[in-house]
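This report goes through a few local features of one protein chain.

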Amino acid sequence: MTKTFFKATQLFSFEPFRNNPESFHEKLRYTKSKMNLSALMIGANLKEDESIHVREVCHKLDIKTYLWYPVLADIPEAADIKGLELRGLGDEAASFILETQKESGEDFGFLCPVKAHDDTGLFDFYQGYLDRFGFDGVFLDKIRYPSPANGLSNLIGCQCEACRKRYKEEGLNPVELFDRLLEKLKTLTTALEMQAVINGFLPELKAFYAFRERQVTRLVSKYIKAARDRELSVGIDLFTPSLASVVSQNYDELCRLADWAKPMLYLKTMGPAGLPMEFASLVKIVRGLNARMPEGEIIRFFKDKLAVDLPQTLSAIEKDGLAFSVFSDEMNKAENFTPDGITTFYPGFEAVTFPPVCDMTEERLKQYQEEIRKNELPGFVLSWDISKIPEKNIQVMEQL
């Protein structure tokens with residue numbers, strides 16, 4: 001029996017359809033007719049009546065529904081997250097996230113995974129969604145630590161009381177570790193020097209990041225078990241493989257828990273999880289520590305260390321994004337991270353018109369299609385919000 005090609009998209013906000021709910025029905029019906037939509041991830045921040053309406057429309061169109069639930073950032077407003085916030089290391093560093101993105105409802109303020117795991121109120125809030133609504137599955141998002149886009153302080157967190165206690169129990173001292181490492185980085189001028197310094201700190205860095213990976217996996221396992229107990233299908237949102245370790249996502253361990261995973265391969269997005277934004281943020285972080293180190297040397301370090309084909313200048317990264325060949329490179333890494341085929345990958349790529357964060361064109365979407373075909377992938381997730389995907393872009397996907 002031939003397996004159905006999986007085509008999904010996401011709905012973050014119902015705001016554009018609020019004054020005319022029928023327009024959502026029309027948009028979804030058009031999407032179903034053009035690309036035979038398999039599933040819709042429905043944002044947990046929708047009001048209850050909106051969520052009910054969306055699920056009813058999906059049911060009429062034979063579209064599976066997934067609860068799109070953000071676990072560690074941008075939690076629905078009704079949740080009590082006081083005291084659970086992640087605490088960065090050192091002074092608060094400037095975020096690189098564009099105001100346009102924040103104003104759309106995502107500020108990417110993260111919770112501490114250790115405290116989030118232990119907080120029964122937060123977990124009960126999530127379970128309430130599972131029990132009240134008739135979703136076919138759950139799609140867990142933001143199951144990670146902050147990314148480079150959040151700035152240096154949050155990137156190397158958390159330093160809350162609960163985490164400091166755990167660090168002490170496991171013989172870790174990230175404050176002292178990063179004090180020494182960052183001081184060293186301030187004196188360098190070449191990519192080779194930077195590589196040598198990182199190599200010298202590698203055992204300590206691996207221990208710190210392994211600790212963080214365990215906290216993410218432990219939390220995700222708890223949330224997935226709740227979905228499994230209700231016989232729900234589970235998908236997970238993952239960072240692009242080259243940067244997964246930076247946000248402490250262990251592909252092998254997380255993929256063993258889920259039915260499918262969506263690597264975020266956003267090659268042209270200047271927003272969190274977008275490869276241009278994240279690599280540009282890494283370059284800016286290092287430049288902020290060491291203005292003497294040439295921009296080209298910093299880019300060369302990340303290009304070599306992470307095996308990613310990066311443009312040669314910061315302005316090119318921000319303006320042009322990454323080459324479409326990186327899509328195949330990242331999918332190969334995802335497969336290598338999970339050698340025994342433990343999950344199915346449905347990569348996510350951007351299709352939204354949301355300047356200046358992203359302004360996807362039909363021509364670029366056709367190039368994504370070529371990458372999907374080349375890699376013989378079993379499906380994809382058209383990202384990241386159907387309300388911002390123009391019909392012309394949906395029509396292009398009819399060809400896949």
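A residue counts as buried when its relative accessible area is under 20%, and as exposed when that area is over 50%, with partly exposed in between. The model shown here is predicted.

**Strand S5 and its partners**

By that cut-off, five of the six residues of S5 are buried, so this strand is largely enclosed by the rest of the structure. S5 pairs with strand S4 (residues 137-141) in the parallel sense, over four bridges. Within this pairing, Phe139 has Gly235 of S5 as its bridge partner. S5 also pairs in the parallel sense with strand S6 (residues 260-263), again over four bridges. There, Ile236 is bridged to Ala261 in S6.

**Backbone spots in loops**

Glu231 is located in the loop between helix H9 (191-229) and strand S5 (233-238). Its phi is positive, about 60°, although Glu231 is not a glycine. With a relative accessibility of 76%, Glu231 counts as exposed.

Asn36 is another residue with a positive phi, about 50°, although it is not a glycine. The loop that holds Asn36 runs between helix H1 (21-35) and strand S2 (39-43). Asn36 has 48% relative accessibility and therefore counts as partly exposed.

One joins Pro355 to Pro356, with omega near 5°, and Pro356 lies in the loop between strand S9 (353-354) and strand S10 (358-359). Another joins Ser383 and Trp384, with omega about -5°. Trp384 is in the loop between strand S11 (379-383) and helix H17 (391-396).

**Cavities**

How many cavities of 30 Å³ or more are there? The count comes to two. The table gives the volume of each.

| Cavity | Volume |
|---|---|
| Largest cavity | about 170 Å³ |
| Second largest cavity | about 30 Å³ |

The largest cavity is lined by 17 residues, and those closest to its centre are Glu106, Phe108, Met264, Tyr266 and Pro272. Its lining divides into seven nonpolar, four polar and six charged residues.

Which residues line the second largest cavity? They are Phe12, Ser104, Glu106, Trp384, Asp385 and Lys388. Two of these lining residues are nonpolar, one is polar and three are charged.

Key. Residues are numbered from 1 along each chain as its sequence is written. This is a predicted model: local features need pLDDT of at least 70, side-chain atom pairs count only at pLDDT 80 or more; totals for chains, interfaces and linings use all residues. Side-chain values use heavy atoms; hydrogens and water are left out. Helices (H or I, at least four residues) and strands (E, at least two) are DSSP runs, numbered from the N terminus. Buried means under 20% relative accessible area, exposed over 50%, partly exposed in between (1.4 Å probe, protein chains only). Two strands pair if DSSP finds at least two bridges between them. On a 1 Å grid over the protein atoms alone, a cavity is a set of points where a 1.4 Å probe fits but cannot get out, and a pocket is an open set with protein on both sides within 12 Å along at least five of seven lines; lining residues have an atom within 4 Å of a point. Grid points are joined across faces, edges and corners, and a volume is the space filled by probe spheres set on the points. Ala, Val, Leu, Ile, Met, Phe, Trp, Tyr, Cys and Pro count as nonpolar, Asp, Glu, Lys and Arg as charged, and the others, Gly among them, as polar.
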